[in-house]
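These are notes for a colleague who is new to reading protein models. Please keep the structure open beside the text and look up each residue as it comes up.

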Amino acid sequence: MPNSITRDHHNFTRTASFKKQTGIDDESIDWTLGNKFHLLLVDGGTATFAVNPVNPCNLVLKVKQDSSGGNALAWAVTTGDIYWAGGGVTNGAGKPTITTTADRTDIISFYYDGDDKYFGVVSQDFDTS
């Protein structure tokens with residue numbers, strides 16, 4: 001099976017890519033600029049969902065500890081809330097605790113419903129040293 005197809009004189013690839021945003025510690029994330037965000041924690045901080053996506057979609061936040069580790073992460077949403085698997089809401093009881101080991105990475109997946117609600121689940125402790 002070829003990696004691309006041609007239809008009506010247009011070439012299409014069978015893979016998709018998305019724009020990645022990056023930041024360190026306290027970050028205001030504008031999800032209209034891309035649905036992937038890589039956050040490096042050096043001193044800890046707050047991930048603020050400053051601008052919600054326009055439509056329902058899936059989002060991914062990669063959170064990596066620096067070589068020292070021990071950095072905490074808080075959450076904020078300008079408009080709406082984050083509902084965590086297991087019953088937590090944004091920074092309330094039940095929110096996930098991210099991995100704080102040096103050079104480790106968590107992948108946090110969100111479904112945004114288009115009505116200011118993010119539904120998040122965390123895949124933890126990838127060794128990225």
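1. The structure holds 10 aromatic pairs, a pair being two rings of Phe, Tyr or Trp (its six-membered ring) whose centres lie within 6.5 Å, with planes under 30 degrees apart counted as stacked, over 60 as edge-to-face and the rest as tilted. The rings of Trp31 and Phe49 have centres 5.4 Å apart and planes at 90°, so this pair is edge-to-face. Trp31 belongs to the loop between S4 and strand S5 (36-41), whereas Phe49 is part of strand S6, and the pair thus links parts of the chain that are 18 residues apart. Both Trp31 and Phe49 are buried, where buried means under 20% relative accessible area, exposed over 50%, and partly exposed in between (1.4 Å probe, protein chains only). Ring pairs join Trp31 and Phe49 with Trp75, Trp84, Phe110, Tyr112 and Tyr118 into a cluster.

2. A word on the basis of these notes is needed here. The model is predicted, so local features need pLDDT of at least 70 and side-chain atom pairs count only at pLDDT 80 or more, while totals for chains, interfaces and linings use all residues. Residues are numbered from 1 along each chain as its sequence is written, and side-chain values use heavy atoms, with hydrogens and water left out.

3. Now to the strands, which are DSSP runs (E, at least two residues; helices are H or I, at least four) numbered from the N terminus, and which pair if DSSP finds at least two bridges between them. Strands of a sheet pair through backbone hydrogen bonds, either parallel or antiparallel. Strand S4 (residues 27-30) pairs with strand S6 (residues 45-51) in the parallel sense over 4 bridges, and one of the residues concerned is Glu27, whose bridge partner in S6 is Ala47. S6 also runs parallel to strand S8 (residues 73-77), to which 5 bridges join it; here Thr46 has Ala74 in S8 as its bridge partner.

4. Which strands make up the open sheet, and in what order? The sheet has 6 strands, in the order S3-S5-S7-S10-S11-S9, with mixed pairing. Strand S3 (20-24) and strand S9 (81-84) stand at its edges with a single partner strand each, so one side of each has no neighbour in the sheet. Neighbouring strands of this sheet are turned by 25° against each other on average, direction ignored, the axes being lines fitted to C-alpha atoms (for helices over the stretch in contact) and angles running from 0 to 180 degrees between N-to-C directions.

5. Within this sheet, strand S7 (residues 57-65) pairs with strand S10 (residues 104-112) in the antiparallel sense over 8 bridges, and Cys57 has Tyr112 in S10 as its bridge partner. S10 is likewise joined to strand S11 (residues 117-127) by 8 bridges, and these two run antiparallel. In S11, the bridge partner of Tyr112 is Tyr118, and that of Ile108 is Val122. The hairpin of S10 and S11 has 4 residues between the strands, and its Gly114 takes a positive phi near 85°.

6. The whole structure holds 3 salt bridges, each defined as a side-chain nitrogen of Lys or Arg within 4 Å of a carboxyl oxygen of Asp or Glu. In the pair of Lys64 and Asp103, the closest N and O atoms are 3.4 Å apart; Lys64 lies in strand S7 and Asp103 in the loop between S9 and S10, so the pair ties together parts that are 39 residues apart in sequence. Asp125 forms a salt bridge with Arg104 at 3.0 Å between the closest N and O atoms, while for Arg104 and Asp127 that distance is 4.0 Å. Through shared partners, Arg104, Asp125 and Asp127 form one network.

7. Thr99, in the loop between S9 and S10, is buried, with a relative accessible area of 13%. Leaving aside residues up to four places away in sequence, Thr99 touches Gln65, Arg104, Asp106, Gln124 and Asp125, contact meaning heavy atoms within 4.5 Å. A polar atom of the Thr99 side chain lies 3.3 Å from the backbone nitrogen of Asp125. Asp125 itself is partly exposed, with a relative accessible area of 38%.

Definitions and conventions
A polar contact is a pair of N or O atoms within 3.5 Å; within protein, one must be able to donate a hydrogen and the other to accept it, and residues adjacent in sequence count only if both atoms are side-chain atoms.
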